[in-house]
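Here is a short note for someone opening this structure for the first time. Please read the points with the model in view.

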Amino acid sequence: MALIVQKFGGTSVGSTERIEQVAAKIKQFRADGHDIVVVVSAMSGETNRLLALAQQITEKPSKREMDVMVSTGEQVTIALLSMALIKQGVPAVSFTGAQIPLVTDSEFSKARILSIDESKVRAQLQAGKVVVVAGFQGVDEQGNITTLGRGGSDTTAVALAAALKADECQIYTDVDGVYTTDPRVVPQAKRLEQITFEEMLEMASLGSKILQIRAVEFAGKYNVPLRVLHSFQEGAGTLITLDDEDSMEQPVISGIAFSRDEAKLTIRGVPDTPGVAFKILGPVSAANIEIDMIVQNVAKDNTTDFTFTVNHLDYDKALEVLNSVATSIGAREVAGTTNIAKVSIVGVGMRSHAGVASCMFEALAKENINIQMISTSEIKVSVVVEEKYLELAVRALHTAFDLDAPTKKAE
């Protein structure tokens with residue numbers, strides 16, 4: 001008998017009708033002989049409704065009290081789903097994060113899991129029940145309710161699967177798997193049957209919104225097989241697992257990720273002296289701004305131009321910091337733009353294939369798309385281009401690396 005941890009997101013449990021549909025799906029899995037632990041999110045829109053209530057009271061609510069409040073969304077869902085299961089003849093019991101307990105640190109609104117006592121869950125499974133667990137939440141060592149940050153239900157599910165040594169962790173969502181890229185941009189995008197943890201981690205960090213990065217990290221660390229499935233459509237979904245080094249069919253490129261949430265800043269005419277990079281980036285990091293790609297060019301007059309990217313939401317703050325830095329180090333000028341996008345090709349097959357980057361650059365050149373910045377790792381190549389060329393770049397690369405699904409011929 002397999003033990004499966006299933007996670008259903010907010011849209012999957014967005015109404016009582018959908019909750020009953022989820023219960024029917026779980027009932028079928030039980031009929032197939034599986035032990036089931038279910039992790040659920042709050043009903044779609046509920047967390048935003050609660051956040052809006054807090055804003056009506058105060059613009060700066062206590063983070064502790066916010067966690068107490070937003071955690072109630074999942075508490076409603078676990079009770080309703082347990083009721084629906086019992087109504088359909090499936091014994092079920094619900095647990096909040098604190099009842100398990102799932103113990104976290106005390107970093108309210110973005111807590112990290114420290115430990116899980118799975119004994120209560122195992123006891124209920126042995127008693128023949130489906131265990132329904134509130135995602136996104138835990139309790140710290142002082143007994144305070146904590147939350148794991150947006151998308152934290154994925155992490156709850158993976159952590160429970162690791163603690164219980166589950167056979168598989170299934171993430172049910174509104175897509176039927178992981179695609180080679182966003183089908184809304186490239187209609188010929190293909191669903192991947194399998195992808196490695198490494199590739200999924202890169203895809204998630206580079207703009208793919210299917211899974212929370214921390215959940216993928218957790219799954220990779222504890223080798224929990226993850227499967228992404230559609231909540232209300234049949235299909236095998238996409239399995240995320242360890243790299244199969246023996247596979248002869250491993251594609252060079254598994255997918256193309258992209259992000260519009262980028263901004264670029266340049267400080268020009270900086271004296272080229274030791275420690276200058278720290279003088280520029282130190283104050284930016286101290287302002288709690290995350291830096292992504294970096295390029296430095298040294299001119300003949302012993303000055304340097306220093307360019308880096310940040311999230312577009314941090315652009316104004318970073319520009320302010322950089323202007324202050326420019327004055328203190330005697331730089332010539334500061335410039336910036338938010339009209340950029342990042343496009344990345346990802347694949348473990350790059351390790352054993354030469355010429356991947358040149359193929360990427362050739363495909364972009366054919367479309368007259370100028371590359372502003374380049375960043376590489378073992379299994380990815382990222383470029384920054386003008387935002388208006390983003391979709392053209394993604395489509396060109398998708399075709400160049402033979403990722404397009406074959407078109408159906410008319411009969």
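**Notes on the predicted model**

1. Start with helix α9, residues 276-286. Its buried residues are Val-276, Ile-280, Leu-281, Gly-282 and Val-284. This is a predicted model. After α9 comes Asn-288, with a positive phi near 65°.

2. The UniProt record, an unreviewed entry, places "domain: ACT" at residues 265-348. Over residues 265-348, the chain is 45% strand and 31% helix. The end C-alpha atoms of this stretch are 31 Å apart.

3. Look next at helices α3 (residues 63-70) and α4 (residues 72-87). Their axes come within 4 Å and cross at roughly 15°. That angle makes α3 roughly parallel to α4. Val-68, Met-69 and Val-70 of α3 meet Thr-72, Gly-73 and Glu-74 of α4. By class, the contact has three nonpolar, two polar and one charged residues.

4. The structure holds two aromatic pairs. Phe-8 and Tyr-172 are stacked, 4.6 Å centre to centre, with 10° between the planes. Phe-8 lies in strand β1 (residues 3-8) and Tyr-172 in strand β9 (residues 168-173), so the pair ties together parts 164 residues apart in sequence. Phe-8 counts as buried, at 0% relative accessibility. Tyr-172 is buried too, at 3%.

5. The rings of Phe-218 and Tyr-222 have centres 5.1 Å apart and planes at 35°, so this pair is tilted. Both residues lie in helix α8 (residues 213-222), four residues apart, about one turn of the helix. Tyr-222 is partly exposed, at 43% relative accessibility.

How values were computed:
Residues are numbered from 1 along each chain as its sequence is written. This is a predicted model: local features need pLDDT of at least 70, side-chain atom pairs count only at pLDDT 80 or more; totals for chains, interfaces and linings use all residues. Side-chain values use heavy atoms; hydrogens and water are left out. Buried means under 20% relative accessible area, exposed over 50%, partly exposed in between (1.4 Å probe, protein chains only). Helices (H or I, at least four residues) and strands (E, at least two) are DSSP runs, numbered from the N terminus. UniProt positions are given in the numbering used here, feature names are shortened, and annotations may be inferred rather than shown by experiment. Axes are lines fitted to C-alpha atoms, for helices over the stretch in contact, and angles run from 0 to 180 degrees between N-to-C directions. Angles under 35 degrees count as roughly parallel, over 145 as roughly antiparallel, 65 to 115 as roughly perpendicular and the rest as oblique. Contact means heavy atoms within 4.5 Å. Ala, Val, Leu, Ile, Met, Phe, Trp, Tyr, Cys and Pro count as nonpolar, Asp, Glu, Lys and Arg as charged, and the others, Gly among them, as polar. Rings of Phe, Tyr and Trp (its six-membered ring) pair if their centres lie within 6.5 Å; planes under 30 degrees apart count as stacked, over 60 as edge-to-face and the rest as tilted.
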